[in-house]
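Colleague: I would like to learn how to read a model such as this one, feature by feature. Could we begin with the spaces inside it and then move on to the helices and the loops?

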Amino acid sequence: MSSHAEILQDARDIDTLHEIGSRIAAADSFSTILQRVLDIVTDVVRCDSCFVFVRQDDQLILRASKIPHADLVNRLGVAVGQGLTGWVAEHCETVAIPAHAAVDPRFKIFHDLPEDSFEAFLSVPILCRGRVVGVINLQHRQPHHHTKREIRLISTIGFLVGAELELARMETEKAQMARQLEDRKLMERAKGLLQRQMNLSEEEAYLTLKKYSRQKRKSVREIAEAILLTDELNRTAR
């Protein structure tokens, strides 16, 4: 028979999975989902470090970290097949190392990450329709034996959040592409206006926008908007 402690633990595990399931249709933002994955994973397993990598083509980009890494989040990438993280993504298999993780021949050291000196390492794939869309990494400073329960729960979290994470990532990329297209249109309109008003070539108008951007310490978009708004106000005042 199961002990009282085991029954309570099973109940908590069910509550955790229920919470994840109840939020899958919440249509939260990409950053919100990433933070929720961190919160849930670190609640299930009391670890010293947790990373969430999200796949982008053949790269896994660090998108969230329990320990703040403002200079590395959204910048640090590892190729699929490279290091333990890349190995998990390539083979779609979980890796659990209780101690001396850095000794594993698959391990890749990032000198900017102090977590690479930690002892224990658990890495599980995040899946969407059988495809790896990310990887969750947990690390402990001291040796730590990952129980079957811990591995099973983190793996299940990877199964459950995969579709939601992939959808949010695609929507974010779509929004970024729309924003970039809008920026390009604004710049083209402002550039055309400068060409007509100042009798500049297309290249000269572009360089003028860049110069204003540097001088005013504002983005090219902001400069373009200001130029177009000024022109509109001038025409209205006539």
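Modeller: Before we look at a lining, we need its classes: Ala, Val, Leu, Ile, Met, Phe, Trp, Tyr, Cys and Pro count as nonpolar, Asp, Glu, Lys and Arg as charged, and the others, Gly among them, as polar. Please keep in mind throughout that this is a predicted model.

Colleague: With those classes in hand, how many nonpolar, polar and charged residues are in the lining of the largest cavity?

Modeller: A cavity is a space where a 1.4 Å probe fits but cannot get out, and the search of the whole structure finds 2 cavities of 30 Å³ or more. The largest cavity has a volume of about 150 Å³ and is lined by 15 residues, with T85, K108, F110, D116 and N137 the closest to its centre. Sorted by class, the lining of this cavity has 8 nonpolar, 5 polar and 2 charged residues.

Colleague: Which elements each supply at least two residues of that lining?

Modeller: They are β1 (49-56), α3 (83-91) and β6 (131-140), and the largest share, 3 residues, comes from α3.

Colleague: How should I read the largest pocket, and what are the classes of the residues in its lining?

Modeller: A pocket, unlike a cavity, is an open set of points. In this model the largest pocket holds about 220 Å³ of space, and among its 14 lining residues F30, S31, L34, R63 and N74 lie nearest its centre. Two or more lining residues come from each of α2 (30-44), β2 (59-65) and α4 (148-198), with α2 giving the most, namely 5 residues. By class, the lining of the largest pocket has 4 nonpolar, 7 polar and 3 charged residues.

Colleague: Where do these elements sit in the order of the chain, and how many helices and strands are there?

Modeller: The chain comes to 6 helices and 6 strands, and from the N terminus on they run α-α-β-β-β-α-β-β-β-α-α-α. Of its 238 residues, 42% count as buried, and among contacts with a separation of 6 or more, 54% are between residues 24 or more positions apart.

Colleague: At what angle do helix α5 and helix α6 pack?

Modeller: Helix α5 (residues 202-216) and helix α6 (residues 220-237) pack at about 105°, and their axes are 9 Å apart. Angles of 65 to 115 degrees count as roughly perpendicular, so α5 is roughly perpendicular to α6. On the α5 side the contact is made by L209, K210, Y212, S213 and K216, and on the α6 side by V220, I223 and I227. This contact has 5 nonpolar, 1 polar and 2 charged residues.

Colleague: Turning to the backbone, what is the phi of D57, and where does D57 lie?

Modeller: The general idea is that most residues other than glycine have a negative phi. D57, although not a glycine, has a positive phi of about 60°, and D57 lies in the loop between β1 and β2.

Colleague: Why does D57 count as exposed?

Modeller: Exposed means over 50% relative accessible area, and because D57 has 64% relative accessibility, D57 counts as exposed.

Colleague: Where does R129 lie, and is R129 buried or exposed?

Modeller: R129 lies in the loop between β5 (120-128) and β6, and R129 has a positive phi of about 55° although it is not a glycine. With a relative accessible area of 87%, R129 is exposed.

Technical notes:
Residues numbered from 1 in each chain as written. Predicted model: local features only at pLDDT ≥ 70, side-chain atom pairs only at ≥ 80, totals over all residues. Heavy atoms only, no water. 1 Å grid on protein atoms, 1.4 Å probe; cavity = no way out; pocket = protein on both sides within 12 Å on 5 of 7 lines; lining within 4 Å. Points joined across faces, edges and corners; volume = space filled by probe spheres on them. Helix = DSSP H or I, 4+ residues; strand = E, 2+ residues; numbered from the N terminus. Axes fitted to C-alpha atoms, helices over the stretch in contact; angles between N-to-C directions. Parallel < 35°, antiparallel > 145°, perpendicular 65-115°, else oblique. Contact = heavy atoms within 4.5 Å. Buried < 20%, exposed > 50% of the residue type's maximum accessible area, 1.4 Å probe, protein only.
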